[in-house]
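Visitor: Could you take me in for a close look at a single part of this protein? I'd like to see how one residue sits in the whole thing.

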Amino acid sequence: MKALIPAAGLGSRFLPATKAQPKEMLLVVDKPAIQYVVEEGLASGADEVIIINSRDKKSIEEHFTPNPELEAELRSRGKDSYADKVAHAGSLNVSYVYQDEPLGLGHAVHCAADKIEDEAFFVLLGDVLVPENKMLVRMKEISDQHDGANVIAVLPVPKDQVDRFGVIDGAQIEDDVWKISSLVEKPAVEDAPTNLAAFGRYLLSPRVMELLAETAPGAGGEIQLTDALAEALKEEEMYALVIDEEDGFDTGTIESWLDTNNRLYARMQQNA
């Protein structure tokens with residue numbers, strides 16, 4: 001399996017901090033946000049992580065490229081622990097494809113179509129971090145229990161915030177699992193079928209990738225992944241893993257990025 005990480009966005013909500021540095025490279029406690037996401041993919045059964053990148057974000061690629069000169073310099077100064085961290089980042093199995101136009105999340109995912117080779121694949125959005133690396137493993141268990149069905153992670157959100165997310169409808173079949181009957185992108189508060197919002201982790205079938213090639217622009221004039229999932233639902237079963245807010249950490253706004261830094265730092269201090 002491959003794990004796809006869309007990372008070609010502008011990061012406009014963080015300007016001017018992201019004028020010269022990609023949002024994905026902003027520090028979260030002790031490493032860039034995107035490193036958490038790459039490590040999660042590789043810890044969850046993916047044999048390769050594919051970053052859908054912008055050609056302007058070279059620092060992402062530099063971060064995951066080995067740098068033996070820097071390692072040697074650090075070791076010569078007795079800073080082996082730092083050298084080990086540099087070596088680790090450079091050893092992660094990451095490759096790249098490019099999204100040359102900002103045409104939406106669905107378009108970004110489809111940019112990696114040639115890499116998938118008719119296999120199921122993960123999609124991990126970089127705005128959310130899952131440091132425990134258990135969510136995708138549980139999603140794979142659910143998929144395997146239901147003959148390779150699509151699985152998405154969802155999080156209960158306040159009812160008045162559902163218009164910010166993709167929202168599911170369906171029926172609960174286990175404590176933490178729903179069978180999905182429909183999806184809607186950013187519904188009006190009064191029209192939302194539930195308060196279960198897509199969290200940013202997906203396990204998808206090859207059929208979804210095929211459907212993305214045919215998906216017309218939707219909300220915001222962009223090619224929406226949710227629209228392709230709605231089409232896939234007409235042909236394939238789809239399930240939702242309902243997660244707890246302590247399972248993942250949002251970094252999509254300045255406020256949530258600061259909160260995530262504080263919460264993860266506190267967790268690190270507790271585990272020290």
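Guide: Buried residues make up 47% of the 272 residues here, and the one we'll visit belongs to that group: E40, with a relative accessibility of 0%. Keep in mind that we're looking at a predicted model.

Let's get our bearings before zooming in. The protein has ten helices and 13 strands. Its radius of gyration is 19 Å, close to the 19 Å that the globule rule gives for 272 residues, so the protein is as compact as a globular protein of that length. Along the principal axes, the C-alpha atoms fill a box of roughly 60 × 40 × 40 Å.

Now for E40 itself. You'll find E40 in helix 1, which runs over residues 33-43. Why does E40 count as buried? The cut-off is under 20% relative accessible area, and E40 counts as buried because its value is 0%.

So who's around it? Setting aside neighbours within four places in sequence, E40 is in contact with L124, V130, N133, L136 and R201. Then there's L129: 89 residues separate E40 and L129 in sequence, yet their C-alpha atoms are 8.5 Å apart in space. Links across the sequence show up in the whole protein too: of the contacts between residues at least 6 apart in sequence, 74% join residues at least 24 apart.

One last thing, about charge. The protein carries 25 positive and 49 negative side chains, and the centres of these two sets lie 5 Å apart.

Notes:
Residues numbered from 1 in each chain as written. Predicted model: local features only at pLDDT ≥ 70, side-chain atom pairs only at ≥ 80, totals over all residues. Heavy atoms only, no water. Helix = DSSP H or I, 4+ residues; strand = E, 2+ residues; numbered from the N terminus. Rg over C-alpha atoms; globule rule 2.2 N^0.38 Å. Buried < 20%, exposed > 50% of the residue type's maximum accessible area, 1.4 Å probe, protein only. Contact = heavy atoms within 4.5 Å. Lys, Arg positive; Asp, Glu negative; His and termini not counted. Charge placed at Lys NZ, Arg CZ, Asp CG, Glu CD.
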